[in-house]
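Keep the viewer handy and click along.

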Amino acid sequence: MAQKKLIRFAAIKNFANVLEYPSGMQGRWASFFKNDHPLVLELACGKGEYAVGLGKLSPEKNFIGLDVKGNRMYSGAKYANENNMGNIAFLRTEIDKIGNYFAPGEVSEIWITFPDPQLRLSKAKKRLTHPRFLRLYQQILQVGGKINLKTDSPVLYEFTKRVIGLFGLHLIEDYNDVHQQASAPELLQIRTHYEGLNISGSNRIHYLQFVLPEGLLPDLDEQLKQLTIEYELNGGD
């Protein structure tokens, strides 16, 4: 397994659609893609299956899968290369550094697909829909830019709904069980390796789409912490 990782790490260094900790990319993604199409990020993209799936459905947009684990994104990057998908790229870096790679308003939309739900209460601040991350997204998202969360974790789903309510975010879509929704859009039918594992054992896929306000989020983080502790220690009641 270690040898396979090394091979993949070496391979992506020669992929034109993979950038590892690049410098000087803020405001330059239109030049990279050679068009001015809307730019969409998939955070914690893993194997990149969702970024590739979205790229197939929306060739009029550019997609970047972002993850720190380069050996994982190898699969998606290789597929995009072999199928001449010029609207797909991958960025290897940490999520908390995204402000180093995108200019204000350069990103039109963000997808967060099956991230680590960080189930321990002590790690709630590491959840990718925690306000400390939402403030980072505000730095690069255009006004009105959407955030999409797709997860099999009821803990992360309920936590995110709590964030949306407490911070007064604009909720657009809320599916408690995506695959039971007859009217669910095609982009929610994309299935990933992690979705098939059903790690949480919930047998449900949750989806939320929301928009951040134009101004900075208020400092209600301590209040969120207390609400989260009470909610999760009481078993979600």
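The largest pocket has 28 lining residues, and A44, R72, P115, D116 and Q118 are the ones nearest its centre. What counts as a pocket here is a matter of bookkeeping: on a 1 Å grid over the protein atoms alone, a pocket is an open set of points with protein on both sides within 12 Å along at least five of seven lines, a cavity is a set where a 1.4 Å probe fits but cannot get out, and lining residues have an atom within 4 Å of a point. This is a predicted model, so local features need pLDDT of at least 70 and side-chain atom pairs count only at pLDDT 80 or more, while totals for chains, interfaces and linings use all residues. Residues are numbered from 1 along each chain as its sequence is written, and side-chain values use heavy atoms, with hydrogens and water left out.

The largest pocket holds about 790 Å³ of space, where a volume is the space filled by probe spheres set on the points, and points are joined across faces, edges and corners. Its lining draws at least two residues from each of β3, α5 and α6 (154-166). By class, that lining has 14 nonpolar, five polar and nine charged residues. Ala, Val, Leu, Ile, Met, Phe, Trp, Tyr, Cys and Pro count as nonpolar, Asp, Glu, Lys and Arg as charged, and the others, Gly among them, as polar. Helices (H or I, at least four residues) and strands (E, at least two) are DSSP runs, numbered from the N terminus.

Now the second largest pocket, with a volume of about 250 Å³. It has 13 lining residues, and A124, K125, H130, D221 and K225 lie nearest its centre. Helix α8 (residues 221-233) gives the most to this lining, with six residues. H130 itself sits in the loop between β5 (107-113) and α5 (131-140). Is H130 buried or exposed? With a relative accessible area of 4%, H130 is buried; the cut-offs are under 20% for buried, over 50% for exposed and partly exposed in between (1.4 Å probe, protein chains only). Leaving aside residues up to four places away in sequence, H130 touches A124, K125, F159, D221 and L224, contact meaning heavy atoms within 4.5 Å.

A search of the whole structure turns up one cavity of 30 Å³ or more, and the largest cavity contains about 60 Å³. Its lining consists of E42, A44, C45, G46, K47, E49, T113, F114, T192 and Y194.

On to the packed parts. Strand β3 (residues 62-67) is mostly covered, with six of its six residues buried. N62, I64 and L66 point one way from β3, and F63, G65 and D67 the other. Strand β2 (residues 39-43) pairs with β3 in the parallel sense over five bridges, pairing requiring at least two DSSP bridges. L41 has I64 as its bridge partner in β3.

L41 and I64 are also among the residues touched by F102, not counting those up to four places away in sequence. In the largest nonpolar core, which has 39 residues, F102 and Y137 touch the most other members. Such a core is a set of buried Ala, Val, Leu, Ile, Met, Phe, Trp, Tyr and Cys residues joined through side-chain atoms within 4.5 Å.
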